[in-house]
Structures are given as C-alpha cells and as structure tokens.
Amino acid sequence: MSNGTLLWVDDEIELLKAHIIFLQKKDYEVVTATNGQDAIDLVRERAFDLILLDENMPGLSGLQTLMAIKEINGTIPTVMVTKSEEENIMNQAIGAKIADYLIKPVNPNQILLTLKKHLHKRAIESEVTNTNYQQNFSKIGMQINDSYTIDDWCEVYKKLVFWELELADSNSEMSDMLKMQKAEANNEFGKFIKNNYLNWVLHPESRPLMSPDVFKKKVFPLLNEGEKVFLIVFDNFRYDQWRVISQELAKDFTFEEDLYLSILPTATQYARNAIFAGLMPDQIAKMFPDLWVDEDEEEGKNLNEEPLVRTQLERYRRKNTFSYHKFNDSAESEKIVQQFNKLLNNDLNIIVVNFIDMLSHARTESKMVRELASSEMAYRSITDSWFRHSPVHDLFNALAQTDCKIIITTDHGSIRVNNPVKVVGDRNTNTNLRYKVGKDLSYNRKQVFEITNPKEAMLPVLNLTTKYIFATGDNFFAYPNNYNYYVRYYKDTFQHGGISMEEMLIPMITMQSKRARPATP
C-alpha cells in the first residue's frame, strides 16, 4: 500500500535519483518533472499528496510555478527545495503559504521527516497519544481511588480533560476507555460530594473556594492592591471550553489557572446569585427577599444581579465604583466595546456573557443545533469559533492594551446526560432535569443525593416538607408519564444543576496582559 504520491520538480532531477529510490523503498510513488510548465500540466492531470518544488529553474521559477499550481489546486502541501538562503525568497515562499522550506543539499531523512510532518502527522500523533493514554490509564485509575480532597479531584479532572482534548480527533478504543474512566471518576466524585458538601456549607472558614467566596477571596484582594479589575462571568462555562479558548488568549495574556467549586444546585439562580451576593441562597432569601426569586415564581431568576453586587460591597463597607453589564447578543457586546474607555474609570467592571448557556439550551431545543454540536468536541469547537469571531473577543483585544487584572470564571458547568432516572413530583415541582425541589417527591434514594433539611445546605425552604434531590454522573430526571418521549427528547443533551465534575469544578482564571509593565520592586 502506497504511503502517498509525490511530485518532485527540479531541473536537475537526475542528480536526485538516490533520494527518489530511497522514497520508493519507503512506499512512496514519486513522479518527476524538470520544469514548471510540465509540473503544472501534471497537476491538471492527476492527484498528488505533496509537491517538492525547486525554486531556481529555467523558464518558470519555483514561486511562479507554485502560484499557478495553487490556482489549479490550492490544497496540495508544497515544500520549497532550493539552494537560496536569501531572506526575500523565504518570505515570498512563506507568504505563498508553502508547507515547508528546505535548503539544498538535503539528505533523504530530511525529506522523510517533512513527509511525515505533512502527510502522516495526524496518524502518528494519534498512535502516540493512544499509547501514552494507555500507559497512563492505570495511574489515573489509582488517582481516582486515592482522591480524598477537593485538590485531589481538581487534579483528576484536569488530567481527564487533558486526555479528552488530546484524544479528541481519535475514534479509537482509547476514546471509549477515557469515557468509561471519566464516568467512573464522576461516580466516585458524586460520593465524595455527598460525604463532604453539607460540612463545607456549615464551615465556611475551612471549606474550599465556593461560589459565595469569589468576591471576598478573589476580587476584593485585587481591589485592595489598587488594581482595576474586570470580572467576566461566562454563564455555563466548563473547564474544557476554557482550555480551548485559552489558546486564542495566550498570545496576549498570562494566566493563573485554577478551579473552584460551584454550590448546589449548579444552576444560575443559585450559583450566580451566590457569587454576586457573597451569600448562600437562603441567606439571600432572608436578608434580601425582594431580590430573591423562588422556584415557583414566574419572573426571571437572574434579574437582580447588579443590586446583589451592591449589597455585598455595602456589607463589606467598600466604596469601590463598579459597573455591571450582561451580554445576551452581539449588539450589546459591541456597544460595551465601543464604550470601553469609560469602563476604565471604574474600580470594578462585571460582565456576564450568556452565549454558552444559550448554546446549551439551543442544542436541546433545536435539531439543527444538536447536529452542529453533536459531540463534546463539536460543542467545544462551536464555543471556540464563537469566541474568536464575537465582540467579546474584541473586548479582550481592548483589555490587552491595559494593565487591568481580569478574572474569567463562571457560575457552573454542564454535563451531557444519557441515563434517565424516574422521579415523581406534584405540579409545583421545578422543571430542571438535574435537580428537583418539591414537597411530595418520590424517587429511588440510591440514585440521588437528597437533602431533606434544606437549612443544612443553606437552601431556601418553600414549605415544611421541602426536599432537594440532585442527579449524579450522567443521570437526568424523567417523569413516568410519557416516559419514552421524554427520554428520547432529553437524552444526549447538555444539562446542569446536579453533581458532576463538569458542573461543579469550574474555571477561576486570573489574567493580565503581557504588555502590562511589571510591578516595580
């Protein structure tokens, strides 16, 4: 089986016989031409996987030949092979988007390395990545079994996301092994949360960083140092999505990357309000009843975020000036970018970006969006594409010109659900698929994390018999009525509100422009 068909164009092709024989022994078919016009005719007649092109030839030069070939077929990788080391020639070749540039005399192994890089890179990367993950599989398994602290679990999750991204293009058995290992990790993580969550809620002085602690422990210390701070909250933003968009931001910013723990339920009404108020949900409901919206009320659950921020600043007797903006569409984003210089007058600017949450809901409701985001990889890819081409990216371009400190975070993540779990509730039970709040809930206790006394979890009590239950792993709650339709509709959708690493272990990134001047000692 051939490794590929090559076209080698050189007016001294006879001198390259040994190289050609070497490549033929490596199972490459090599077609030769001694001038640019013959090469152009050959490209018209047949398909090639790669072209090796001499620059200095009589008649058409290599660059002229290259431009003519690109008009016929712009997808064939072309490697310029030349005696010339002139910078101008190199610049022209690179500007013409050549795949590589080799300077004569070349040895056969140089040519082979170039072919592997441009023809076989994905296959080689996939093989090496699969082998490396296979070698790490047992280590990660032991790490899952030996995780006793939230820091341990953060490390496990980071490793799993690393391999998820590494194996993203692979359809191999390793990808299936990783899915199974991640499911196992989420099952164990669910047990860990069940054993520790209530204790964390009741002992804030010794718990890991949680939603109500974000301002006190992350935002206020920067303000105390005299920094101007932008807090950018991407609604429903997972760590793997951060890892993808961080590639675009890395050229302009330095990062301090961490994870923190969302409170339960991992839903905007609870987790984001807890961030902005610096309080647990039942504290908000008691102290600011006009700013808290109960589950059974019709109005929007996140309309009071700016007033909640103000209450937190007042509670800590802070005089910082701040602005609050929410991006629901491009027009709102563009407007803020246009007013960017005004924002620099504030000590703190809070920006909530809703696109990723909107994408998650659209994927559930729209067949077309579900097709576009058909897998975890596609979901990340859409997030990355949106970010690169959105006005939010323009905001970061503007921030790159400043010395402001930037905190990127979220209120919760989401998980793709697959396993239905039956639950029965009355008509006042909330509609979320990952957690339920109600007074007459019927369910299998082994399949959920139940909180029978909401006060212990500092959650609002709707009535004397209110319970909260949370789905773990990739479970989702389904009603027995019309069960099959319900399961078909919601299976394989991204949901949040429950207990999983994806929902609870979420990004906390502190950034600064690389152009910012370092502090003077």
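Which residue forms a salt bridge with Asp 235? In this predicted model, local features need pLDDT of at least 70 and side-chain atom pairs count only at pLDDT 80 or more, whereas totals for chains, interfaces and linings use all residues. Residues are numbered from 1 along each chain as its sequence is written, and side-chain values use heavy atoms, with hydrogens and water left out.

The partner of Asp 235 is Arg 272, with 3.2 Å between the closest N and O atoms; a salt bridge here is a side-chain nitrogen of Lys or Arg within 4 Å of a carboxyl oxygen of Asp or Glu. Asp 235 sits in the loop between strand E6 (229-234) and helix H10 (239-249), while Arg 272 belongs to helix H11 (residues 268-277), so the contact ties together parts that are 37 residues apart in sequence. Helices (H or I, at least four residues) and strands (E, at least two) are DSSP runs, numbered from the N terminus.

Arg 272 also forms a salt bridge with Glu 305, the closest N and O atoms being 2.7 Å apart. Glu 305 lies in helix H13 (residues 305-315) and Arg 272 in helix H11, so this pair links parts that are 33 residues apart in sequence. Arg 272 is buried at 0% relative accessible area, Asp 235 is buried at 2%, and Glu 305 is buried at 1%. Buried means under 20% relative accessible area, exposed over 50%, and partly exposed in between (1.4 Å probe, protein chains only).

Turning to another pair, Lys 17 and Glu 14 meet in a salt bridge of 3.4 Å, N to O. Lys 17 is partly exposed at 46% relative accessibility, and Glu 14 is exposed at 58%. Across the whole structure, the search finds 31 salt bridges.
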